[in-house]
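My notes are below the picture.

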Amino acid sequence: MKAMLIVNPSSGKEEAVDYVKQIEAILQNKGYEIKTVQTEKEFDATKFCQNACQEKFDLIVSLGGDGTLNETINGLVDQQHRPKLGIIPLGTVNDFARALQIPLDPEEAIKVLQSDLTKKVDVGRFNDQYFVNIVAVGALAEASYDVTPEQKTKFGTLAYVVEGLKTLASTQTYPLRIEHDEKVWEGDSFLFLAALTNSTAGFEKLSPQAKVNDGLLHCYIIENVNMIRMASIASSMVRGELRNQKDVEYFTAGKLNIASPEDLVTNVDGEEGDRLPVSIEVKPQHIEVIID
């Protein structure tokens with residue numbers, strides 16, 4: 001058996017390489033021949049993963065944050081041969097690991113690699129790229145771009161919360177047209193979210209009904225609201241009651257098309273995505289992840 005370990009050396013306060021020998025020892029004990037590679041620039045993880053698929057590796061382990069994992073999964077999707085995926089979360093938020101209940105402590109997550117249990121999970125297609133957590137459009141989505149790597153290292157998830165709270169003061173809305181399952185919604189929206197999992201920006205109850213393998217996008221349209229209502233909606237995000245708010249429209253879908261007359265950019269798994277219009281769909285149970 002062959003395993004590839006994809007390491008982002010800048011993840012985990014630059015401690016990622018410190019875990020390599022420990023991971024290699026566990027995989028060797030399970031009978032794997034190991035190839036360890038380190039990312040140096042954007043999309044390296046995707047290329048490494050594509051090579052592993054072509055060379056018919058049995059396992060790929062992502063050692064890094066959500067960005068590294070997203071790149072790795074982009075290299076897995078639609079390949080004729082798809083190795084199993086192991087996840088060692090070293091990022092700020094680690095939403096996908098949270099959704100799969102993979103320990104956020106690296107030492108504990110490494111132990112999961114000893115497991116023979118796997119779960120097939122959904123992947124979302126966003127135009128020509130792929131995601132595993134969420135797509136967002138609106139003010140809060142753009143606020144995350146203001147979070148610097150230094151802020152993420154120092155404050156963790158709180159960095160996103162602080163930037164998001166700054167945005168709440170404006171309550172600016174955007175005109176959107178959302179097509180789903182032969183239905184159309186048109187109107188002004190403060191924020192639109194399409195979630196694949198229950199965990200978003202570290203909030204594990206934002207979409208509590210979402211499962212990693214239900215084949216659905218769980219969608220929230222937060223409409224034109226004032227500051228007082230916005231505070232209530234923000235609180236409901238933490239409690240897992242967002243879909244029950246009167247200014248929020250909730251629905252599930254397998255496919256979406258989103259457009260706007262304005263020049264709006266999207267947020268895909270915490271990174272800047274394509275500008276509208278975009279199309280989104282679910283690839284049900286498309287990759288296999290090692291779990292405990």
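**Ground rules.** I am working from a predicted model, where local features need pLDDT of at least 70, side-chain atom pairs count only at pLDDT 80 or more, and totals for chains, interfaces and linings use all residues. Residues are numbered from 1 along each chain as its sequence is written, and side-chain values use heavy atoms, with hydrogens and water left out.

**Overall.** I looked up the secondary structure and got ten helices and 15 strands. Helices (H or I, at least four residues) and strands (E, at least two) are DSSP runs, numbered from the N terminus. Of the 292 residues, 54% count as buried; buried means under 20% relative accessible area, exposed over 50%, and partly exposed in between, with a 1.4 Å probe and protein chains only. I also checked contacts (heavy atoms within 4.5 Å): among those between residues at least 6 apart in sequence, 71% join residues at least 24 apart.

**H3 and H4.** How do helix H3 and helix H4 pack? I find H3 (residues 44-54) and H4 (residues 66-76) at an angle of about 35°, with axes 7 Å apart. The axes are lines fitted to C-alpha atoms, for helices over the stretch in contact, and angles run from 0 to 180 degrees between N-to-C directions. The crossing is right-handed, the label for a near helix turned clockwise from the far one by less than a right angle, with anticlockwise being left-handed.

From H3, the contact uses Asp44, Ala45, Thr46, Cys49, Gln50 and Cys53; from H4, it uses Thr68, Glu71, Thr72, Asn74, Gly75 and Leu76. By class I get four nonpolar, six polar and two charged residues. Here Ala, Val, Leu, Ile, Met, Phe, Trp, Tyr, Cys and Pro count as nonpolar, Asp, Glu, Lys and Arg as charged, and the others, Gly among them, as polar.

I then checked burial. H4 is mostly covered, with ten of its eleven residues buried. The buried residues of H3 include Phe48 and Ala52, and its buried set packs against strands E1 (2-7), E2 (33-38) and E3 (59-64) as well as H4.

**Ser207.** I found Ser207 in the loop between strand E9 (183-195) and strand E10 (217-223). Is Ser207 buried or exposed? Ser207 counts as buried because its relative accessible area is 0%. Leaving aside neighbours within four places in sequence, Ser207 touches Ala195, Thr197, Asn198, His218 and Tyr220.

**Tyr220 again.** I looked for aromatic pairs and the structure holds one. The ring centres of Tyr220 and Tyr250 are 5.1 Å apart and the planes are at 45°, so I log the pair as tilted. For Phe, Tyr and Trp (its six-membered ring), rings pair if their centres lie within 6.5 Å; planes under 30 degrees apart are stacked, over 60 edge-to-face, and the rest tilted. Tyr220 is in E10 and Tyr250 in strand E11 (residues 248-253), 30 residues apart. Tyr220 is buried at 0%, whereas Tyr250, at 23%, is partly exposed.

**Strand E15.** Last, I checked pairing, which needs at least two DSSP bridges between two strands. E5 (residues 118-126) pairs with E15 (residues 278-290) in the antiparallel sense over eight bridges, and Lys119 stands opposite Val289. E12 (residues 255-259) is also antiparallel to E15, over four bridges, with Leu256 partnered by Ile280.
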